[in-house]
Amino acid sequence: MKIILGSGSVGRKQVLEKLGYDFTVVTADIDEKAIRHKDPAVLTVQLAHAKADTILQTIPNDTAALVITADQVVWYNNEIVEKPESPEEARMRLRSYATEPPETVSAVVVTNVLTGKRVEGVDRARVIFDLIPDAVVEQLIAEGNIFRAAGGFIIEDPLLAPYVRAVDGEPHSV
């Protein structure tokens with residue numbers, strides 16, 4: 001059975017590659033800001049379903065394939081935090097994480113194209129950071145990768161990894 005990863009996320013691609021799966025990447029062009037919900041678990045599931053709906057429109061119904069879509073937000077100080085939209089926002093977030101650990105909320109939806117059956121799951125992981133020095137924050141901003149990540153952080157980033165004290169949950173979920 002063919003596997004279609006409905007995401008352009010480098011991290012999601014790496015997870016499937018590490019597991020040894022052969023897959024195709026197809027991205028869904030949806031307006032994520034048009035889908036809103038106060039509960040981060042509900043929001044991420046809704047976004048993952050919306051991505052699946054869009055991708056399924058491009059695949060013939062008789063295709064033996066699984067479509068895997070996902071979304072992630074960060075829950076921080078009782079609010080949903082997505083990708084930073086400016087250096088100022090990224091700076092503020094990264095500097096504050098040592099005082100209040102952010103929690104990633106990730107949803108995955110797997111759709112069987114032939115049967116239309118879908119399964120979904122949500123996972124949470126809390127990231128405990130040490131204080132990130134201003135020079136590192138500025139380097140991360142200049143590098144730019146954090147602007148593609150929920151909450152503005154990638155725990156595997158060589159610049160940031162030394163400041164990740166612990167992950168309460170599955171690190172692959174982050």
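User: Which strand does β1 pair with over 4 bridges?
Analyst: Strand β1 (residues 2-5) pairs with strand β3 (residues 65-76) in the parallel sense, and I3 stands opposite L66. Pairing requires at least two bridges found by DSSP between two strands; strands are DSSP runs of E with at least two residues, and helices are runs of H or I with at least four, numbered from the N terminus. Residues are numbered from 1 along each chain as its sequence is written. Because the model is predicted, local features need pLDDT of at least 70 and side-chain atom pairs count only at pLDDT 80 or more, while totals for chains, interfaces and linings use all residues, and side-chain values use heavy atoms, without hydrogens and water.

User: And β2, what is the bridge partner of I4 there?
Analyst: T24 is the partner of I4; β1 and β2 (residues 24-25) pair in the parallel sense over 2 bridges.

User: Is S7 buried or exposed?
Analyst: S7, in the loop between β1 and α1, is buried at 7% relative accessibility. Buried means under 20% relative accessible area, exposed over 50%, and partly exposed in between, with a 1.4 Å probe and protein chains only.

User: Which residues does S7 contact, leaving aside neighbours within four places in sequence?
Analyst: S7 is in contact (heavy atoms within 4.5 Å) with R12, V25, V26 and T27.

User: Changing topic, which residues of α4 are buried?
Analyst: In α4 (residues 134-143), V136, V137, L140 and I141 are buried. They line one face of the helix, because they fall within an arc of 140° seen down its axis, taken from the directions from the helix axis to the C-beta atoms.

User: What do they pack against?
Analyst: The buried residues of α4 pack against α3 (87-96), whereas exposed A135 and A142 are on the face turned away from the buried side.
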